[in-house]
Amino acid sequence: MDANEFDRLLKVCRISLNHDEKDRIINDIEEIIKYFNTLNEFETGNTSESYHAIRIPERLRQDKVEAFQNTNGILKNTKTYRFYVVGPKI
Amino acid sequence: MSSSIKEFQSKEKPEGYYKKLVNGLSEVNKQLGAFLNINETIKDGFPFSVKDNLCVRDVETKAGSEILSGYIPPFNATCVERLSSSKFSFLGKTSMDEFGFGSFGLNTMCVAKNPFNTAYVAGGSSSGAAVATSILKYHVALAESTGGSISNPAAFCGVVGFTPTYGAISRYGLVDYANSLDKIGIMARSSEDIRTVFDIVKGPDSYDSTCVGIKFTNVNNKKIFLIKQLLDATDEKVRSEFDKLVSKIREMGYSVEEKSLEFIEKAIPAYYIISMAEASTNLAKYNGYKYGFKNENFSEEYNRFFTESRSKFGVEAKRRVVLGTFVRSASVKEKYYRKALKVRSLLIREIGKLLKNGFILTPTMPITTPKIEKAVSLTPVEAYRMDILTIPPSICGFPHVSFPYSYPNGMPLGAQIISDHFNDYALLDFVKSWETSFRYKFKYNIGDIR
């Protein structure tokens, strides 16, 4: 992975690294990707993909509104203004 | 080994018992760093600890990360709720690697140390849970494993660590690492205590659609499989102790057969690709204005605000977010992410064939407990390779139990027994029969009642 590609990836991830972290992580990532590449030495043919280890039965909840009693408890973890959560500009 | 829960319930507690327990624990915790906080108001019930990535109402829950500092959940995780409603009392939150990212308990602000010798690691990522179980006479720990985070520290700290089948225990209230791999489990000093807790916390939950209500089996064919490639990956010292264990298992009436699974080592890169891909999306919710750390620069442009907030992640978390985002990129997704999912299918199929006819037995870790200074010096790939024995059952969602079986040079060694999906009780019965002829050792017995 070249430096430009790495910088593009950091931008996509919204991760900023200081100089030391960048040096350290880019070297680690090279080594890890090389290790990940060993997976491609192995032929998987037409095997299907397993998104879960077990079969998850389709079990949807009823589409009905349930009142959550502790809304103040949730808002306690945010900065609020007149019962609205304050966030950054978009 | 008998049930300490039954023993505790049958004993009369001396006056001031819980106060003395908290004081004794607080003192030892200064050296070992198992607990992040201790509930000083505990006054009845059997004590249980909770790994820091499980929500406990009105108790700070950080999952070992600075970015969650100050987060106070307004609800209990389902497993915490069920245990609290059954004569168990919350004792405190236990330390862990940040979001579960680590095998040695070192990727965190509060490093737990091995109770047998503080120069050695406690393992990870449920480091504090294992230390707590090793030092407290009457206690069980709720822990969590993604790729071996229960077995690994249980082995290094000499306790029993149970990771159930994926989907057996609700994940509601867990700070997610990788949803398709995360499993809530239990650590205790005996299989009996684990069984008692498992009976309470398992079962369907309307808040977690992956928590399935499948009936458990209890099949034991008295057959043990050893996997050649996994034994080859262990160091000589571990191998020679493990061979002695295999002889004892034969004496217990089991037939033992060695099998070869050529591609089992591919479980490691497949696991890390899947787990990092899932972690990179899960961690996107920590944006600086919900949960824990608050960025007050609301006038900042959104992307800059978000990026600035995420500087609170530790190095390993940043590394995994970057790699997880990379393996999901459109240009390489087929090569890494989808390939890893196919490898998982093959592993489930091939390992599953063996487990239809018996258990698989392996050492829990390929090395003896390392010193902290040695573990710190490992490169990421060297550290990931240490998970060779715990990843195969973890990526496949097979239940597994790590139990102590030897103490060379005064440090515990653990072995891991693996079974087929939902055959969890057969594993607990196996460990129970092991415990009838082998006595576990502990250096501390805080809370003992004489």
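**View 1. Six salt bridges cross the interface of chain A and chain B.** A salt bridge here is a side-chain nitrogen of Lys or Arg within 4 Å of a carboxyl oxygen of Asp or Glu. One pairs R319(B) with D28(A), with the closest N and O atoms 2.3 Å apart. The model is predicted: local features need pLDDT of at least 70, side-chain atom pairs count only at pLDDT 80 or more, and totals for chains, interfaces and linings use all residues. Residues are numbered from 1 along each chain as written, chains are lettered from A in the order written, and side-chain values use heavy atoms, without hydrogens and water.

View 2. Helices are DSSP runs of H or I, at least four residues, numbered from the N terminus. α2(A) gives the most, with eleven residues. By class, this side has 26 nonpolar, 15 polar and 15 charged residues.

**View 3. The contact takes 56 residues from chain A and 73 residues from chain B.** Contact means heavy atoms within 4.5 Å. The area buried between the two chains is about 5,800 Å². This is the accessible area (1.4 Å probe) lost on putting them together, summed over both. Carbon and sulfur atoms give 66% of the buried area.

**View 4. S190(B) sits in the loop between β6 (183–188) and α6 (191–201) of chain B.** Strands are DSSP runs of E, at least two residues. The S190(B) side chain reaches the backbone nitrogen of D193(B) at 3.2 Å.

How values were computed:
Polar contact = N/O pair within 3.5 Å; in protein donor to acceptor, adjacent residues only side chain to side chain. Nonpolar A, V, L, I, M, F, W, Y, C, P; charged D, E, K, R; others polar.
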